[in-house]
Amino acid sequence: MPLPLYLLAMAAFAMGTSEFMLAGLLPDIASDLDVTVGTAGVLTSAFALGMVVGAPLVAAFARNWSRRPSLLGSVLVFAAAHAVGAVTTSFPVLLATRVVAALANAGFLAVALTAAAALVPPDRKGRALGVLLAGTTSAMIAGVPGGSALGTVFGWRATFWAVAALCLPAALGILMGVPAGHREEEATGRPVLRAELAQLTRSRLIVVMLLGALVNAATFGSLTFLAPVVTDSAGLGELWVSVVLVLFGTGSFAGVTLAGRLSDRYPGRVVAVGGPLLLVGWPATAVLATEPVALFVLVFVQGTLSFALGTTLITRVLYEAAAAPGMAGSYATAALNVGAAVGPVIAAATLGAGALGPLWASGLLVAVALLIALPLLTGITESRGGDALR
């Protein structure tokens, strides 16, 4: 894999840390800014919604720019938003910085996904995407626990400063490592924006985006509410929550690595094998949540399966949207983040039934995805060259 791809993964690590870090910082933010924890939780929703809306908007706005300034600008705006967030004493200002950061993150991913695919041969898009998303999953393993620990010792503002600082070497790497191709040259023969948007009327693209959103909703629905499963159902102390999150993050890293190896050549097999296993895994986690050892094993397995299947489906979005090279990355980003925004809302609605409600809800979401995918599996997993993938 080319060096610029790993530099993009470094930026994805910083942005992934920011996306997930608030789970451990909300009580401190609420106390410091004199708002309720529920109100502070709006920061998470604002970020997810900003990602969904921002991906296509930023991609459309910057489609005639070359990739290097698009990526560099996104990273620098992201860093600036965190610097402002670190010094503000106003909750509305902090909320605004989260929206700006989400727009920058969405713009980065929308361009980075297509840039990553362009850095490798056409039949290795999945592996390139796996490397890029490994930056995000690495954030779940190291960045989020590290950010939480930093916030505990030095306050939540220190975590915001740390994220801003992480962006600087990533920006330097993009400046030095990403090719400075002119988008005008890249755009030769490329369809106009209206034609690229028209790709969204294609049923196969819509179906693959829907499947990616459903699987991601299941993933983030359970991930968001793993803490009460650990403390209430398993009866463990709060320190074990970080252990479980690291296990899930480690599994997610294994999942995107696995998808990077398999999603280009065998997407049908990943869906056909991984989907049913993921479906069985969520209810199994709910049933065995009272047994700590079983919970730990299943959390790792579900992290692996969730990201292997989710990454494969997001890769298929890039393949299905190949006729929209300027917007394909934004379609993949939007599908991923619709799930990240909707999943926790669905999971929260089940908490009235207890801490295990989100796990059962995730199983239901995966079941819906498989019911949609089953009759269309062969069509969904065709290669762009028209040969059915084994």
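Predicted model: local features only at pLDDT ≥ 70, side-chain atom pairs only at ≥ 80, totals over all residues.
Helices here are DSSP runs of H or I with at least four residues, numbered from the N terminus.

**Entry 1: Asp 34**
I looked up Asp 34 and found it in the loop between α2 (26–33) and α3 (37–40). Its phi is positive, about 60 degrees, although Asp 34 is not a glycine.

**Entry 2: the whole chain**
Next I stepped back to the protein chain. I counted 18 helices and zero strands in its secondary structure. Of its 390 residues, 53% are buried. I also checked the contacts with a separation of 6 or more: 84% of them join residues 24 or more positions apart.

**Entry 3: α1 against α6**
I then took a helix pair, α1 (residues 3–21) and α6 (residues 91–118). Their axes are 11 Å apart, and the packing angle is about 150 degrees. Roughly antiparallel means over 145 degrees, so α1 and α6 fall in that class. I noted the crossing of the two as left-handed.

Which residues of α1 meet α6? On the α1 side I listed Leu 5, Leu 8, Ala 11, Ala 12, Met 15, Ser 18, Glu 19 and Met 21. Facing them in α6 are Arg 98, Ala 104, Asn 105, Phe 108, Ala 112, Ala 115 and Ala 116. By type, this contact has eleven nonpolar residues, two polar and two charged.

**Entry 4: α5**
At 1.5 Å a residue, its 21 residues should span 30 Å, and the end C-alpha atoms are 31 Å apart, which agrees. As a reminder to myself, an α-helix has 3.6 residues a turn, so residues three or four places apart point the same way.

**Entry 5: Gly 212**
My last stop was Gly 212, in helix α11 (residues 203–224). Its relative accessibility is 2%, and buried means under 20%, so Gly 212 counts as buried. What does Gly 212 touch, leaving out residues up to four places away in sequence? I found Leu 313 and Ala 335. I also noted Gly 310: from Gly 212 it is 98 residues away in sequence, yet 5.7 Å in space, C-alpha to C-alpha.

Definitions and conventions
Residues numbered from 1 in each chain as written. Heavy atoms only, no water. Axes fitted to C-alpha atoms, helices over the stretch in contact; angles between N-to-C directions. Parallel < 35°, antiparallel > 145°, perpendicular 65-115°, else oblique. Left-handed = near helix turned anticlockwise from the far one by under 90°. Contact = heavy atoms within 4.5 Å. Nonpolar A, V, L, I, M, F, W, Y, C, P; charged D, E, K, R; others polar. Expected span 1.5 Å × (residues − 1). Buried < 20%, exposed > 50% of the residue type's maximum accessible area, 1.4 Å probe, protein only.
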